[in-house]
Amino acid sequence: MLREWLSRFRFFLTGKKRVDVDEELQFHLDRAIEANLAAGMSAAEAQRQAGIAFGSRERAREQCREQVPRWLLESLLRDLRYGLRGLGRNPGFATVAVLTLALGIGANTTIFSLLDQALMRALPVRDPGQLVVLSFAGSNPGHHHSEGGDTPGRIHEFSYPMYRNLRDKNTVFHGLIAVAPKSVGVTWNNRAEPVPAEMVSGNYFEALGVRPALGRLLVAGDETTAGADAVAVLSFDYWKNHLAQAPVAGKTLLVNGTPFTIVGVAAPGFHSVVWGHAPALFVPITMQHVVEPEWSLLDDAQSYWIDLVGRVAPGLTPAQATSSLNALWLSLRAAEFPLLRDQSAKARKEFLNQAHITLDAGARGFSPMRESVRMPLTIVMGMVLLVAGMAVVNVASLLLVRAASRAREFSVRFALGATSGQVLRQLIAEGMLLGLAGAAIGLLLAPQALRLLIHWMSGQSAGEPAFSATLDWRVLVFTMIATLVASLLFSLAPAMQFRNPDLAQSLKQQSGTGAGGSLKFRRTCVALQIGCSLMLIVAAGLFVRTIQNLRHVNPGFETDHLLSFSLDPQLAGYSPAETAAVEQRALDAVSGLPGVHAVGATNDPDLADDETTGDVKVTGYTPKPDEIVDIELPWVSDHYLQALGVPLVAGRYFQASDTATAQKVAIVNESFARHFFANNGAALGHHVSRPNRPGSDAMIVGVVRDVKHASVREPAISTNYTLFAQAERPTGLTYYVRTWQPPDVAANSIRAAIANLDAKLIVSDLVPMKEQIDEDLTSERTIALLAAAFGVLATLLAGIGLYGILAYSIAQRTREIGIRMALGARRSTVIRLIVREVMLLAGGTIVVTIPLAVLATRAVRTQLFGVSTADPTTYGAAILVICLVAAFAGWMPARRAAGVDPARALRTD
Amino acid sequence: MPPSADLLQGTLDMLILRAIALQPEHGWAIAQRIQQVSNNVLQIGQGSLYPALHRLEYKGWIRAQWGTSENNRKARFYSLTAAGRKQLDTELANWDRLMGAINLVLERI
């Protein structure tokens, strides 16, 4: 077998000389003549008979040639060359077709690349298939710090003591790692900046199989006891972009004011085990108290804050690993239970009996972000596939029109003995040429489009974006397959017309009205295009209205002339005891700036998708059985509510006299008052506290109107404002500055004022509130932008496609139109006739498409806001646009046709 | 001149291999030989002969060399390679098996 292939390969390279074949055939012919002579024929007759027996010499040559192993390639090249010449003769057609395909393929590649990165790509670590993400069902009394990404009913965060036990006692993993993200202040060369960091277990890099680019990475020995491991590993991107690839190993940098020794830099390409995270540095998890000075989590079994990822030992099935780990985990939980405060049977049931640990495939890493991008990306991918579908139909109809005008050429080829297979191959070769050219341009455009899109999506937010603008092999394979399928589809469209044609018929048919079959096909093309573009325009309309609605939501306070920024003195190395005082000084400094009307601060930023919630006990209110009262608990400055402009409805605002040592006070919102009390006034004087935290007890002194908090999408929830100055522990704050100065001027003076207090203080995320809201709406804005772009593109494609098909079919009807006009039809009658036909077709398509569109948009209704999936305005506008495009595409060629001189029209062909 | 009996698919290859099994032959001689031996039942036109010869050569089963024909003309002689000989044995064995089976069916039904 191998020898056979080797031999074929040799001849593939060398082939056979044409003269050799000729000589061989000539020899055969000569011998035939000799034989005939020997049989007694005359010389002429012998030659004639031999020639007849031999047949066409050219055909014989060709048949021999077809046996050469490389013949397939040769004929393909010949087809391609011929196709290229054909396209060259028709540059306008070729350009439109290639550009259409390039747009379709480029858009698909771009969006698919995002989809691939978010939902499919495995982490760049050793054997990612062995990784599993741990999560558990069961109660978790205590603190829970989550970034999101939880599966309903399951929690991804574990406590540190539980992690240590699991890691040391399990028989399942070849490495169980822990990771928790946190933003820190880093000072390098006397320059301070906020950067994303990850607290990781010592075995993090070892278990993942990540190599150092410089120095060494963290090892198990770097995770000893709390506060003892002041070493850090930098990410490659941070080292390259922020530290200019300096020889940093062994150098010292400050993390939140504490010196850390840099031991090395991680390999390029590795970001984190959590997809979407791009930490600048990794520090041992034992340094938690430096990273988050306000918390002490390491020894607390009731603080759930770290994500766990394990590498399952080879040879273990997932079921074996899960059951073995569950046994260990449940025994650890059982030992933990007696230490809990609530020892009731119900608590026991929730903590132990209903508890279960789950191992999910972790090749792509855990991600709090993935679920939130899945739906938008899927929607956009759906739209972009529709666009690609339209591009294919468009090129198919263009090719069809072109093929129809080539009927004579194909008839001649058939007459000369071409088989339908050869003609088909020729058509496919031409299609592939267009497809490949389109794909090439599309692939050139895709990284640019991707870069633009990523830049646009990441907006103001600090740190490296989760997406990268490079195309990996998976995307290239996808594009190749999409191109091949698309090319096949649209090149087969004209082939349908020419497969097995009735030669005489097709030669006669030059000036006919087109065969019934191809007419139906053209109508189908038109209908498909109108249908697809209607869907896309409806989608665009719905998403644009959504973003408009979201932008015009009134959050309950004025967002104009409002700047926000974050400041956390602990990131600059201040001790917890000093923090509140520094924050107050910053408030005073900013409020004294020119143009500043009011300043407030909170630890729970508004309209930024942040929530700080917890349960409370309220005096004078008896909770219903099993009622969990989860309310928003911001710590604010005394002037915060006034600065935002939240109206007071009962009692009083906070005052300067509510100092750290005075009676602790609280202000609640109307939702709170409504939930716990009969009316707003009744709330005043009652006390609110966190369960089991007597230090949190505060008296309600005022009630304010509800304002939107987490996002403009969500209604206000019960809220209890207390003063950060009276809080149990220090915290970083987000400041809100109401200023009449232009944002950039105000921003500069704010930075200067804070730097004046202490140059080490880091002012981050300084943006106008409007921009902050926009950033919160990134996914909606992105969908709306892309949907609008696709809508415009679809309209354009539909217009080109319709015009092409109609221009052709009207040109075919020149004779018919001539007769009509000769019989007395007016120009306007002819135009009306044609436009009416187009409009009837468009109308029919619209009637069929609308129910489909309503169904399709139902699938995306979670992404809509304030607009129904059957919004009449959107549908009306979309139908109007389609009708206008169809009418225009029909009117243009109709007008030309009606301008024809009847006498000449009758004489054509 | 079309073959007067349709050759079974692949049978032509076997006939050609068999025809040159004893000594190298050129195309014309191969066709004549098969025609004569089969009492003019199997007539092989050049349209199938030469493509088949070339195909076998490309597969490495036969080898072509220029030589001198019996009437002193330059001609292309085909001879079996080792791989071709093995292939011929396989095909003959298959053929025997097939014929035996067909005969059995024809006799017993």
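At what angle do α2(A) and α3(A) pack, and how far apart are their axes? The angle is about 135° and the axes are 8 Å apart; axes are lines fitted to C-alpha atoms, for helices over the stretch in contact, and angles run from 0 to 180 degrees between N-to-C directions. Helices (H or I, at least four residues) and strands (E, at least two) are DSSP runs, numbered from the N terminus.

This is a predicted model, in which local features need pLDDT of at least 70 and side-chain atom pairs count only at pLDDT 80 or more, while totals for chains, interfaces and linings use all residues. Residues are numbered from 1 along each chain as its sequence is written, and chains are lettered from A and ligands numbered from 1 in the order in which they are written.

**Helix packing**

The angle makes α2(A) oblique to α3(A); angles under 35 degrees count as roughly parallel, over 145 as roughly antiparallel, 65 to 115 as roughly perpendicular and the rest as oblique. In chain B, α1(B) and α4(B) are likewise oblique to each other.

| Helix pair | Crossing angle | Axis separation |
|---|---|---|
| α2(A) and α3(A) | about 135° | 8 Å |
| α1(B) and α4(B) | roughly 125° | within 10 Å |

The α2(A) and α3(A) crossing is right-handed, whereas α1(B) passes α4(B) in a left-handed crossing. A crossing is left-handed if the near helix is turned anticlockwise from the far one by less than a right angle, and right-handed if clockwise. From α1(B), the residues B:M14, B:L17 and B:R18 make the contact, with B:G84, B:Q87, B:L88, B:E91 and B:W95 from α4(B). Residues are in contact if their C-beta atoms, placed from the backbone, lie within 7 Å.

In chain A, residues of α2(A) including A:L29 and A:I33 meet residues of α3(A) including A:A46 and A:F54.

**Sheet of chain B**

Three strands of chain B form an open sheet in the order β1-β3-β2, with antiparallel pairing. Because β1 (25–26) and β2 (62–68) of chain B are at the edges with a single partner strand each, one side of each has no neighbour in the sheet. β2(B) and β3 (residues 74–80) of chain B are joined by seven bridges; two strands pair if DSSP finds at least two bridges between them. B:A64 is opposite B:Y78 in β3(B).

**Contact between the chains**

Chain A contributes 21 residues to the contact and chain B contributes 17 residues. On chain A, α1 (2–14), α2 (18–38), α3 (43–54) and α4 (57–65) each supply at least two residues of the side that touches chain B.

Technical notes: Two residues are in contact if their C-beta atoms, placed from the backbone, lie within 7 Å.
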